[in-house]
Amino acid sequence: NSLNNLGELAMLQGDYQSARIDLDEALSILREIGARWLLITSMVTLGNVLRGQGEYADSSDIYKEGLILNREIGDLWMYANIFEGIGSLFLATGNFKMGLNLAGVSERIREEIGAPLSSAEITELERFLQPGWDALGEEVGIVWEEGRKLGLEEAVDFALALDLGET
């Protein structure tokens, strides 16, 4: 957990190289000891780092691996984080509808479990959402609601089936 925290801190400071070193080491240890929840947490953080470095395919792979592992433990808070990560990845690559669908799912889950984002997290998420809002205009509300209406298993299947080449 300490290595994940160090990796997240390095990422927040823009030091992606140090973040990757810490997170790769965390993943190795967590896989070895079988600490799934912490492993998934580190995967989400690494996905964010990879997205920040423009390594979109690798980011997608690690988010999806975390999503598959989370399906086994069913942590709703973690689902919200993973859907935000994958949604932000798709928004960053111009796949606005898919990204906003997943952001809508995440918002619904957070409302259901009473786990709102912090103001800093909202600011960060809005940075990714803004291009989608701008590109889709009036259609944003429809796309957002489509995501909010997805059932959990349907949302997981949707996210796992997504391909970065889709629009």
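**View A. Helix α5 passes α9 in a left-handed crossing.** In this predicted model, α5 and helix α9 (residues 152–161) pack at an angle of about 35 degrees, and their axes lie 11 Å apart. On the α5 side, Leu76, Tyr79, Phe83 and Ile86 take part, meeting Leu152, Glu153, Ala155, Val156 and Ala159 of α9. Sorted by class, this contact between α5 and α9 holds 8 nonpolar residues and 1 charged residue, with no polar ones.

**View B. Ser88 is shown within helix α5, which spans residues 76–92.** Ser88 counts as buried because its relative accessibility is 5%, the cut-off for buried being under 20%. When neighbours within four places in sequence are left aside, Ser88 is in contact with Arg51, Leu125 and Phe128.

View C. Two or more lining residues come from each of α1 (2–12), α3 (36–52), α5 and α7 (119–136), and α5 gives the largest share, with 7 residues. The lining of this largest pocket divides by class into 11 nonpolar, 7 polar and 6 charged residues.

**View D. The second largest pocket holds about 230 Å³ of space.** Of the 14 residues that line the second largest pocket, Glu107, Arg110, Leu117, Ile122 and Leu125 are the closest to its centre. Both α6 (96–113) and α7 supply at least two residues of this lining, which by class has 8 nonpolar, 1 polar and 5 charged residues.

Terms used: Residues numbered from 1 in each chain as written. Predicted model: local features only at pLDDT ≥ 70, side-chain atom pairs only at ≥ 80, totals over all residues. Heavy atoms only, no water. Helix = DSSP H or I, 4+ residues; strand = E, 2+ residues; numbered from the N terminus. Buried < 20%, exposed > 50% of the residue type's maximum accessible area, 1.4 Å probe, protein only. Contact = heavy atoms within 4.5 Å. Axes fitted to C-alpha atoms, helices over the stretch in contact; angles between N-to-C directions. Left-handed = near helix turned anticlockwise from the far one by under 90°. Nonpolar A, V, L, I, M, F, W, Y, C, P; charged D, E, K, R; others polar. 1 Å grid on protein atoms, 1.4 Å probe; cavity = no way out; pocket = protein on both sides within 12 Å on 5 of 7 lines; lining within 4 Å. Points joined across faces, edges and corners; volume = space filled by probe spheres on them.
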